[in-house]
Amino acid sequence: METIFVYKVSKLHLHFNSQMIAILKTNSKNLDFINLVALLDAELAVRDGADHDFYNQFNTIATLQFCIVAYKDKIPVGCGAIREYSENCMEIKRMFVPFENRGKGIASKILTDLEIWASDLGFSKCILETGINQPEALSLYKKMNYNIIPNYGQYENVATSICFEKKLL
């Protein structure tokens, strides 16, 4: 079942910028989600270089049940997902906003909605992994009050990975 929420996202830039963003709760079978993830994978292949195949093996989307697609004027402008990592923890996956839509608060909105969804499902924290070659992601997670933690699971000894955690209210 898909659910659409509409939000007004405001951000102070050089001037005041306001836009309507619709958030669709869906799963990984949604074609807009699939297409956005394909763009994400293409961007990460360039950023990660030789390390891309290693990271890519952990980013399959076939069975993601909790996905979000953000829309502006019915055009998909971002996505993200959560998946159960442990009994009380959700892992943030596949966060992406295309370059032309960055800096508009869309990623923050997607991340906030994923956190709320995780909390509504009874989870008390979110974790995630990002790479040293993704400065926009690093800035976003720090801005959204995520704390750096020791690398977990498959990222444990990976020097190019940075893992984060946030306790949910």
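Trainee: What makes the link between the side chains of Thr-130 and Gln-134 a polar contact?

Mentor: In this predicted model, the side chains of Thr-130 and Gln-134 are joined at 2.7 Å, and since a polar contact requires N or O atoms within 3.5 Å, the pair of Thr-130 and Gln-134 counts as one.

Trainee: Where does Thr-130 lie, and how do you know whether Thr-130 is buried or exposed?

Mentor: Thr-130 belongs to strand S6, and its relative accessible area is 3%; because buried means under 20%, Thr-130 is called buried. Setting aside neighbours within four places in sequence, Thr-130 touches Ala-137, Leu-138, Tyr-141, Thr-160, Ser-161, Ile-162 and Phe-164.

Trainee: What is the overall order of helices and strands in the protein chain?

Mentor: There are 4 helices and 8 strands, and read along the sequence they follow the pattern β-β-α-α-β-β-β-α-β-α-β-β. Of the 169 residues, 48% count as buried, and among contacts between residues at least 6 apart in sequence, 62% join residues at least 24 apart.

Trainee: How do you know that the span of helix H3 agrees with its number of residues?

Mentor: Helix H3 runs over residues 106–120 and holds 15 residues; the expected span is 1.5 Å times one less than the number of residues, which gives 21 Å for H3, and because the end C-alpha atoms are 21 Å apart, the two values agree. Just after H3, Gly-122 takes a positive phi of about 95°.

Trainee: Which residues of H3 are buried?

Mentor: Those buried in H3 include Ile-106, Ile-110, Leu-111, Leu-114, Trp-117 and Ala-118, but also Ser-108, Lys-109, Asp-113 and Glu-115. As a general point, an α-helix has 3.6 residues a turn, so residues three or four places apart point the same way.

Trainee: Which element gives the most to the largest nonpolar core?

Mentor: The largest nonpolar core has 28 residues, and those with the most contacts inside it are Ile-92, Met-95, Ile-110, Leu-111, Leu-114, Tyr-141 and Tyr-146. Strands S2, S3, S4, S5, S6 and S8, together with helices H3 and H4, each supply at least two residues of this core, and H3 gives the most, with 6 residues. Leaving aside neighbours within four places in sequence, Leu-114 is in contact with Phe-66, Ile-68, Gly-80, Ala-81, Ile-82, Ile-92 and Met-95. A second, separate core of 15 residues includes Ala-22, Leu-24, Val-37 and Ala-81.

Trainee: How many aromatic pairs are counted, and why is the pair of Phe-66 and Trp-117 given the name it has?

Mentor: The count comes to 5 aromatic pairs. The ring centres of Phe-66 and Trp-117 are 5.4 Å apart, which meets the limit of 6.5 Å for a pair; because their planes stand at 85°, and an angle over 60 degrees counts as edge-to-face, the pair of Phe-66 and Trp-117 is edge-to-face. Phe-66 lies in strand S3 and Trp-117 in helix H3, 51 residues apart, and the pair thus links distant parts of the chain. With a relative accessible area of 11%, Trp-117 is buried.

Trainee: What makes Tyr-152 and Tyr-155 an edge-to-face pair?

Mentor: Their rings lie 5.7 Å centre to centre with 85° between the planes, and because the limits are within 6.5 Å and over 60 degrees, the pair of Tyr-152 and Tyr-155 is edge-to-face.

Conventions
Residues are numbered from 1 along each chain as its sequence is written. This is a predicted model: local features need pLDDT of at least 70, side-chain atom pairs count only at pLDDT 80 or more; totals for chains, interfaces and linings use all residues. Side-chain values use heavy atoms; hydrogens and water are left out. Buried means under 20% relative accessible area, exposed over 50%, partly exposed in between (1.4 Å probe, protein chains only). Rings of Phe, Tyr and Trp (its six-membered ring) pair if their centres lie within 6.5 Å; planes under 30 degrees apart count as stacked, over 60 as edge-to-face and the rest as tilted. A nonpolar core is a set of buried Ala, Val, Leu, Ile, Met, Phe, Trp, Tyr and Cys residues joined through side-chain atoms within 4.5 Å. Contact means heavy atoms within 4.5 Å. A polar contact is a pair of N or O atoms within 3.5 Å; within protein, one must be able to donate a hydrogen and the other to accept it, and residues adjacent in sequence count only if both atoms are side-chain atoms.
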